[in-house]
Amino acid sequence: MDVNIPEVVEEIRTLFERYEQALIDKDVDVLDATFWNSPHTIRYAIHENGYGFEEIHAHRVRRPPGPGIKLARRRLVITTLGRDMATVNLEFDMRGRTTTGRQSQTWVRFPDLGWKVVSAHVSVTEATPAY
């Protein structure tokens, strides 16, 4: 299995950036299109757990538009495994806090759907790590 095929990494980077902009714009159509429409999809966030696409969608609708919790990126790591699986991990400074946020996504390319997030997680460290 090839790791980090350049064109696959760029596909995921483009989709991830589209998702990040949709969070700011509260573009629910793009947010929904990013995630696998399945009861098996999971998204853990800081203040809610979404089990299945319908719960995740309901949170998206309730969420106010705006820049959200992310102030600045610290580190973005995209890892692709072959041509059909990828992970995205982002470490970021949080808006209005001294803690560090973390975000992870697992992406799968479905033959009939294209790339979809099947699992996502957002969490906060208790203190900003020293580097």
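1. The model is predicted. Asn 4 is found in the segment that precedes helix H1 (6-25). The phi of Asn 4 is near 55°, a positive value in a residue other than glycine. Most residues other than glycine have a negative phi. Asn 4 counts as partly exposed because its relative accessibility, 34%, falls between the 20% and 50% cut-offs.

2. A positive phi, near 55°, is also found at Lys 26, likewise a residue other than glycine. Lys 26 lies in the loop between H1 and helix H2 (28-34). With a relative accessibility of 25%, Lys 26 counts as partly exposed.

3. The largest pocket has a volume of about 560 Å³. It is lined by 30 residues, of which Leu 23, Arg 43, Arg 63, Gly 68 and Ile 69 are the closest to its centre.

4. Which elements each supply at least two residues of the lining of the largest pocket? They are H1, strand E3 (70-81), strand E5 (100-110) and strand E6 (114-124). H1 provides the largest share of this lining, with 6 residues.

5. The composition of the lining of the largest pocket may be set out by class: 14 residues are nonpolar, 8 are polar and 8 are charged.

Notes
Residues are numbered from 1 along each chain as its sequence is written. This is a predicted model: local features need pLDDT of at least 70, side-chain atom pairs count only at pLDDT 80 or more; totals for chains, interfaces and linings use all residues. Side-chain values use heavy atoms; hydrogens and water are left out. Helices (H or I, at least four residues) and strands (E, at least two) are DSSP runs, numbered from the N terminus. Buried means under 20% relative accessible area, exposed over 50%, partly exposed in between (1.4 Å probe, protein chains only). On a 1 Å grid over the protein atoms alone, a cavity is a set of points where a 1.4 Å probe fits but cannot get out, and a pocket is an open set with protein on both sides within 12 Å along at least five of seven lines; lining residues have an atom within 4 Å of a point. Grid points are joined across faces, edges and corners, and a volume is the space filled by probe spheres set on the points. Ala, Val, Leu, Ile, Met, Phe, Trp, Tyr, Cys and Pro count as nonpolar, Asp, Glu, Lys and Arg as charged, and the others, Gly among them, as polar.
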